[in-house]
Amino acid sequence: MQELNEVIDTYNEYKYKLPSGLSKVVEQLRNENFSEALLNIKNFSEGIIWLSQAGSLINQNKGCASINVNKITEFLLEINEGLERQDYVLVADIFEYEIIPFCEALEEAKVSLE
């Protein structure tokens, strides 16, 4: 149970930090600091995978962690398409106008055990 509580705490902390971290990605893209932005996009993708796995673990243990994995997958596909075309303006817009608001909504829903 201690480990699960640690996962929940980390889950909530990560969700809380996402919007500000993603704002930095937008800034890096807009300032053409592509190498740093790409590294942070990779970190974001890995973090989202972890959130998804942690959410499943929390839900399996009678907790409530609802992340719309399909929506996140859609965002990741859009980002990938933009990166493939090297359309960094589009990628920045996706983060700023779609992903950050989505993550802000996630931030409001604190996860805990029922």
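This is a predicted model: local features need pLDDT of at least 70, side-chain atom pairs count only at pLDDT 80 or more; totals for chains, interfaces and linings use all residues.
**Helix packing**

Two packed helices are described by the angle between their axes and the distance between the axes.

| Helix pair | Angle between axes | Distance between axes |
|---|---|---|
| H1 and H2 | about 155 degrees | 10 Å |
| H2 and H3 | about 160 degrees | 11 Å |

For the pair H1 and H2, the angle is about 155 degrees, and angles over 145 degrees count as roughly antiparallel. H1 and H2 are therefore roughly antiparallel to each other, and their crossing is left-handed. The residues that make up the contact of H1 with H2 divide into 19 nonpolar, 6 polar and 2 charged.

Helix H3, which covers residues 69-84, packs against H2 at an angle of about 160 degrees. That angle makes H2 roughly antiparallel to H3, and the crossing of H2 and H3 is left-handed. Which residues of H2 meet H3? On the H2 side they are Leu38, Ile41, Phe44, Ser45, Ile48 and Ser52, and on the H3 side their partners are Val69, Ile72, Leu76, Ile79 and Leu83. Sorted by class, the residues of the contact of H2 with H3 are 9 nonpolar and 2 polar, with no charged residue.

**The largest pocket**

Rolling a probe the size of a water molecule over the atoms shows where empty space is left. In this model the largest pocket holds about 180 Å³ of space. Its lining consists of Tyr14, Lys17, Leu18, Gly21, Leu22, Lys24, Val25, Asn40, Asn43 and Phe44. Helix H1 (2-30) and helix H2 (34-60) are the elements that give two or more residues to this lining, and H1 gives the most, with 7 residues. By class, the lining of the largest pocket has 5 nonpolar, 3 polar and 2 charged residues.

**The largest cavity**

The structure also holds 1 cavity of 30 Å³ or more, and the largest cavity has a volume of about 30 Å³. What lines the largest cavity? The residues are Phe44, Ile48, Ile72, Phe75, Ile99, Phe102 and Cys103. H2, H3 and helix H4 (88-108) are the elements that give two or more residues to the lining of this cavity, and H4 gives the most, with 3 residues. By class, this lining has 7 nonpolar residues, with no polar and no charged ones.

Definitions and conventions:
Residues are numbered from 1 along each chain as its sequence is written. Side-chain values use heavy atoms; hydrogens and water are left out. On a 1 Å grid over the protein atoms alone, a cavity is a set of points where a 1.4 Å probe fits but cannot get out, and a pocket is an open set with protein on both sides within 12 Å along at least five of seven lines; lining residues have an atom within 4 Å of a point. Grid points are joined across faces, edges and corners, and a volume is the space filled by probe spheres set on the points. Helices (H or I, at least four residues) and strands (E, at least two) are DSSP runs, numbered from the N terminus. Ala, Val, Leu, Ile, Met, Phe, Trp, Tyr, Cys and Pro count as nonpolar, Asp, Glu, Lys and Arg as charged, and the others, Gly among them, as polar. Axes are lines fitted to C-alpha atoms, for helices over the stretch in contact, and angles run from 0 to 180 degrees between N-to-C directions. Angles under 35 degrees count as roughly parallel, over 145 as roughly antiparallel, 65 to 115 as roughly perpendicular and the rest as oblique. A crossing is left-handed if the near helix is turned anticlockwise from the far one by less than a right angle, and right-handed if clockwise. Contact means heavy atoms within 4.5 Å.
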